[in-house]
Amino acid sequence: MKQIIVFAGTTEGRLLSEWLSGEGLKVLACVATEYGSLLMKDQEHLEVRQGRLTRDEMKLLFQREEQPLVLDATHPYAAEVSENIRTACESAGCEYLRLIRSANHAHEIPLNTEAPGMDMQGGEPAEQEQTENNCVTVGSVKEAADWLAETKGRILVTTGSKELHYFTGIPNYQERVYARVLATPEVVTHCRELGFTGKHLICMQGPFSKEMNTAMLRQFDASWMVTKESGKEGGFDEKLEAAKEAGAKVVLVRRPPEQKGVSVEEGIALLRERFSLETYPTLSAGKREENAGNKVILAGIGMGTPETMTKEVWEAFQKADCILGAGRMLESFQALGKPMLNAYDPDKMTAYVREHPEYKRIAVALSGDVGFYSGAKRLIGAFEQEGLSVELMPGISSVAYLCGRLRIAWEDVKLMSIHGRKGNLIGAVRENLRTFTLLGGKDNAEALCRELLYYGMDQVTVYIGERLHYQEERITKGTPGELLGQSFDGLCAALIENPDYKGRTPSCIPDEEFVRGKAPMTKSEIRCLSVAKLELCRDSLVYDIGAGTGSVSVEMAFQVPEGTVWAIEKEREACKLIGENCKKFQVSNVEIREGTAPEALADLPAPTHAFIGGSSGNLKEILELLLEKNPKIRVVINAVTLETIGETAQCLKELPFAGIETVQVQMAKGKTLGRYQLMMGQNPVYIFTAEGRGL
């Protein structure tokens, strides 16, 4: 039997649960997500229940636990959940106490009473109101999305994933909107299904500092930040300050009308009196107050030797109470005699800091520079979650050091990393004179040389840098063929020079340049127009359904250097042709899937775009699956026969598509016969373009 049930949907709810159970009270903490349960400390007298409960399930739970005291510490915007808890308490005969997070910022900032052009009562457009305030207010997330649909500029959305679908109604949302959400598998899957992928999906746990918010707004060049009135505990003040500093405007979703309740501070006083508790929890600012004054310095240590560290960085380690870092990065600090932790994982680092509150100044050693493929991005959020102040100190990056040793300016070098990440390195080498990359793990120097040779880049020069600035430093130069078979460190850096680099993105590739075989091929001019109609982005994930020779796949691969093309083809011989053409044109970001659509698409990642050149009679089923994977997908369909033209028009009419466009194209190409030029007509092609309406 539990004495207290806490609906712990907020930081203060979680810390209240831990405080009460730490005092010996039997507590059941109810959280909605797996992430919420992972945040809870494992301690005696505390049981954590994960999952969303209906009103009836709440009532049964309260009755089974024999009418405990129920604390409602859910989010201020979870009005429906709060109402269910309150009603279930009444039905089960439980005492209900609503803890209200204060909104103590409201009087400090100038807020509009409503968003310009929006009647907040009825939702109908009102007369446009001009304002110079940095913040406009709306009544709901839907109203925020509707209002932003009429604006221009990029948008950082910080209101979570639950109502993210409203933003898919914004024109070109996949380019304009950046969503910051929790890093849980179910949230990521949900967001990807909505069409938020790549750099437009930021998975992190808050609250965030002003510096972090400012950096994000500037990184994405955001004109707007959407936020809720989440109070001090939710990092609201930091968001406002960051928006002001970054020159962005805030779209504020007002709190719903609050039910009767008490402030968190008043609730603590009532609980102390009722259960005769002597201690006070630190709740008003989460762990910020608990660790007030503590500081973490994330420092780039260059190549890892004292000589390659800046004076500022070296002094930071000298003054630190403890030093954290991975492997050999700690070697240079042994003589300082400081406590050390050999770790790279943020969870291990933060756990160590929690276990040692006596360490007020913590220095974290990061190789190279903190701004170049560094672990700093992950660590900032982890340490700020613990309420610690975080400072970044730059160091000498591996690219700057290696280029310096080679006497090469790195201002025009394409920067890449395939150490623990996927990247289109072949595309970068194909289009740039010089490409730098970090290597590690299975993507080591040998794998790099093999891939370069496979794609016909045997003429490039590769520099491999190992143990840079250490006594055993080695920089090896050679062609991929010369370096293949040599032994290199598992973690090293490479600079690739390609004297035959293209320097451009190919388009409208002549038909005769492709390996043809017997597979059908979309002709050059039709292919170029079809790909243009897709409106691809650099990081798009595209399906080419009925890929044939792969000519469209190759053309699209050039347009999405940071994305992926999935070529789906049912004929085995055609799949081999696709592979040959990808090899010939040096595109490594095409994945080939042999099979018939839609079955062959079932387990593929959700696409942002799809080109359908052949459907094998399954067009409607294919389109239904595409819409299921991404309700806002953009599709281009080519049709030649009258039957396919009619079927396509009917499918686009019946299914939830918008912006349907049909273009009929008939091409004629000149052919020399004797001393005459004759125009040889080609079959007319219908190009259908459409975009899913969304949820």
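The legends below describe several close-up views of this structure, which is a predicted model.

**View 1. The second largest cavity and the residues that line it.**
Two cavities of 30 Å³ or more are counted in the model, and the second largest cavity, shown here, has a volume of about 90 Å³. Its lining brings together residues from separate parts of the numbering, with Gln 174, Glu 175, Gly 195, Phe 196, Thr 197 and His 200 among them, and with Cys 537, Asp 539, Ser 540, Thr 608 and His 609 also taking part. Sorted by class, the lining residues of this second largest cavity are two nonpolar, seven polar and two charged.

**View 2. Helices α1 and α10 in contact.**
Helix α1, made of residues 11-22, and helix α10, made of residues 264-275, have axes that come within 12 Å and cross at roughly 15 degrees. Because angles under 35 degrees count as roughly parallel, α1 and α10 are described as roughly parallel to each other, and α1 passes α10 in a right-handed crossing. On the α1 side the contact is made by Glu 12, Leu 16, Trp 19 and Leu 20, while α10 contributes Val 264, Ile 268, Leu 271 and Arg 272. The contact of α1 with α10 holds six nonpolar and two charged residues, and no polar ones.

**View 3. Helices α8 and α9 in contact.**
The axes of helix α8 (residues 210-219) and helix α9 (residues 236-246) come within 8 Å, and they cross at roughly 45 degrees. At that angle α8 and α9 are therefore oblique to each other, and the crossing in which α8 passes α9 is right-handed. From α8 the contact draws on Lys 210, Asn 213, Thr 214, Leu 217 and Arg 218, and from α9 it draws on Glu 238, Lys 239, Glu 241, Ala 242, Ala 243, Glu 245 and Ala 246. Divided by class, the residues in the contact of α8 with α9 are four nonpolar, two polar and six charged.

**View 4. Helices α22 and α23 in contact.**
Helix α22 spans residues 619-629 and helix α23 spans residues 642-654, and their axes come within 10 Å while crossing at roughly 35 degrees. The crossing of α22 and α23 is right-handed. Leu 619, Lys 620 and Leu 623 of α22 meet Glu 647, Thr 648, Cys 651, Leu 652 and Glu 654 of α23 in this contact, whose residues divide into four nonpolar, one polar and three charged.

**View 5. The cis peptide bond between Ala 597 and Pro 598.**
Most peptide bonds are trans. Here, however, a cis peptide bond joins Ala 597 and Pro 598, with omega at about 10 degrees. Pro 598 lies in the loop between strand β25 (590-594) and strand β26 (609-612).

**View 6. Asn 172 and its positive phi.**
Most residues other than glycine have a negative phi. Asn 172, although not a glycine, has a positive phi of about 60 degrees. This residue, Asn 172, is found in the loop between strand β7 (154-157) and helix α6 (173-176).

Conventions. Residues numbered from 1 in each chain as written. Predicted model: local features only at pLDDT ≥ 70, side-chain atom pairs only at ≥ 80, totals over all residues. Heavy atoms only, no water. 1 Å grid on protein atoms, 1.4 Å probe; cavity = no way out; pocket = protein on both sides within 12 Å on 5 of 7 lines; lining within 4 Å. Points joined across faces, edges and corners; volume = space filled by probe spheres on them. Nonpolar A, V, L, I, M, F, W, Y, C, P; charged D, E, K, R; others polar. Axes fitted to C-alpha atoms, helices over the stretch in contact; angles between N-to-C directions. Helix = DSSP H or I, 4+ residues; strand = E, 2+ residues; numbered from the N terminus. Parallel < 35°, antiparallel > 145°, perpendicular 65-115°, else oblique. Left-handed = near helix turned anticlockwise from the far one by under 90°. Contact = heavy atoms within 4.5 Å.
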